[in-house]
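Subject: Structure handover

Hello,

Here is the structure I promised you. Please open it beside this email and follow along.

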Amino acid sequence: GGWSRGREGAMKGRTGLALSLQLIALIALSSLRRSSAFLPTKTLSQLRGAWLRGQGCPGVGLSGRGWQTAETRREPFTSTLRLSRDGDQKPGRRELIASVLSPVAAVSTAYLLVPAVLSRSTRSSGWYKKMFAQNMESMDDYEEGVSGMKRTLFGLIQDNQEVLEIGAGLGPNLPYFPSSVRYTAVEPNEFMHDKLRRNSERFLKNSMNLVDDIRMVPSASVDVVVSTLVLCSVQDQGEMLDEILRVLRPGGIFLFLEHVIERSQGYPTPYNQKSFNWSRAWYRWFQRAITPLQVALADGCHADRDTLAAMQTKFSDVYCKHFYIPELWGGSDWWSFFPIGPQIAGVAIKRPLKDSGILAKIQFQFCAAQDESTSDDAVSRKVRCD
């Protein structure tokens with residue numbers, strides 16, 4: 001519905017921008033191969049006079065008679081392509097401009113071709129799914145960095161509860177669950193199933209129930225739904241959140257850890273020039289710009305989604321922390337995790353809540369004042385309650 005139309009409109013706008021950049025760059029590069037050296041080196045009168053003299057016409061070339069040669073002279077016409085009338089006196093100018101415009105042309109071409117080649121139908125093919133599953137093995141640095149946050153978040157899961165995880169992947173969250181939970185995993189990528197089964201057997205006492213689609217899960221059948229780095233990739237966030245509400249029992253909780261678009265600061269004005277953070281503004285802009293490539297290369301992952309706003313339209317109670325990676329664990333190589341640096345972790349509750357104790361625990365962990373006495377120092381120093 002609205003989410004889909006909005007994404008299509010944004011995609012068309014970004015595609016138009018890329019096409020414009022590509023055409024500008026290619027035209028500019030072509031113009032470097034043409035210059036005023038292609039203009040006639042003689043005036044029209046000179047050319048006519050030369051032709052008539054060749055035909056033996058009398059009077060041509062006499063002073064004051066016929067088509068007289070103009071005083072203006074230009075450099076000789078040659079077949080060599082030159083940038084200006086200066087000829088090759090400044091040969092570095094053309095190379096400098098070309099070195100600037102060539103990457104623009106290359107990037108804009110990739111911006112158009114990669115999403116076209118790796119379309120939704122291509123991403124559903126077996127070779128792409130297998131490649132993506134293999135790439136998920138390289139998430140160890142991230143998993144180690146967010147381990148403290150996950151311990152805090154999944155500490156809300158109680159023994160013997162019914163837990164549903166959407167986009168379970170290879171099972172990186174299983175070590176944080178109580179071993180007695182009854183676990184259902186939604187994972188459509190068949191190339192992840194083997195390792196997911198092995199991890200469930202390793203960390204859980206009960207057998208795992210594995211399904212391909214959340215619509216296969218009965219309504220009001222689970223106590224907890226878990227999602228980590230998944231809502232960025234679903235085709236329709238609103239529909240997925242409706243499904244999460246459907247499968248949750250009254251009083252059930254939705255635990256999420258997702259990357260989101262950098263929070264908006266509006267536009268710089270004389271009134272906010274001191275507080276306006278240009279680095280955050282540029283990061284947000286680049287997240288929007290890189291999204292078409294991110295979608296193509298990361299199995300539908302959108303870097304520009306405001307997932308928190310989407311959840312707040314479906315759940316009346318949402319508690320979360322906003323943090324940045326790799327700042328969460330004291331890292332400084334932010335470019336390694338671009339464009340998924342801004343992230344949120346928290347809890348959404350399906351009313352009515354039957355257990356007031358769990359609400360108190362949620363409020364304490366996600367909305368209590370953060371200080372150095374908190375058990376997880378890494379988390380307490382790097383996150384804040386929204």
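What percentage of the residues in the protein are buried? Buried residues make up 42% of the 386 residues. Keep in mind that this is a predicted model.

**Overall build**

The protein has 13 helices and eight strands. Take the contacts between residues at least 6 apart in sequence. Of these, 72% join residues at least 24 apart.

One stretch carries a record. UniProt, in an unreviewed entry, places a "transmembrane region" at residues 96–118. In the model, that stretch is 96% helix and 0% strand. Its end C-alpha atoms are 33 Å apart.

**The cores**

The largest nonpolar core has 36 residues. Those with the most contacts inside it are I157, F177, Y183, L255, V347 and I362. Several elements give two or more residues to this core: α7 (147–154), β2 (182–186), β4, β5 (248–259), β6, β7 and α12. The largest share comes from α12, with four residues. Another core lies apart from it and has 28 residues, among them I214, V247, V260 and L308.

Look at Y183 next. Leaving out residues up to four places away in sequence, Y183 touches V163, E165, A168, L174, F177, L196, L204, S207, M208 and N209.

**Helix α8**

Helix α8 covers residues 193–203. Which of its residues are buried? They are H193, L196, N199 and S200. Seen down the axis of α8, these buried residues fall within an arc of 125 degrees, so they line one face of the helix. They pack against β2 and β3. The face turned away from the buried side carries exposed residues: D194, R198, E201 and R202.

N206 sits in the loop between α8 and β3. Is N206 buried, exposed or partly exposed? N206 counts as partly exposed, because its relative accessibility is 33%. Neighbours within four places aside, N206 is in contact with S179, S180, V181 and R182.

R215 is in the loop between β3 and β4. With a relative accessible area of 56%, R215 is exposed. The cut-off for exposed is over 50%. R215 and M240 are 25 residues apart along the chain, and their C-alpha atoms are separated by 9.5 Å. Not counting residues up to four places away in sequence, R215 touches E239, E243 and R246.

**Backbone details to check**

- The bond from I325 to P326 is cis, with omega near 5 degrees. P326 lies in the loop between β6 (317–324) and β7 (342–349).
- The bond joining R351 and P352 is also cis, and its omega is about 0 degrees. P352 has its place in the loop between β7 and α12 (356–367).

Then look at phi.

- A220 is not a glycine, yet its phi is positive, at about 50 degrees. A220 lies in the loop between β3 (209–211) and β4 (222–228). A220 is partly exposed, with a relative accessible area of 39%.
- L229 is also a residue other than glycine with a positive phi, near 55 degrees. L229 is found in the loop between β4 and α9 (237–247). L229 is partly exposed, at a relative accessible area of 22%.

What is the volume of the second largest pocket? The volume is about 360 Å³. The pocket is lined by 15 residues, and the closest to its centre are S279, Y283, Y324, E327 and W334. Which helix gives the largest share of the lining? Helix α10 (residues 278–297) does, with four residues.

Best wishes

Note on methods. Residues numbered from 1 in each chain as written. Predicted model: local features only at pLDDT ≥ 70, side-chain atom pairs only at ≥ 80, totals over all residues. Heavy atoms only, no water. Buried < 20%, exposed > 50% of the residue type's maximum accessible area, 1.4 Å probe, protein only. Core = buried A, V, L, I, M, F, W, Y, C linked by side-chain atoms within 4.5 Å. Contact = heavy atoms within 4.5 Å. UniProt positions renumbered as here; feature names shortened; annotations may be inferred. Arc of directions from axis to C-beta. 1 Å grid on protein atoms, 1.4 Å probe; cavity = no way out; pocket = protein on both sides within 12 Å on 5 of 7 lines; lining within 4 Å. Points joined across faces, edges and corners; volume = space filled by probe spheres on them.
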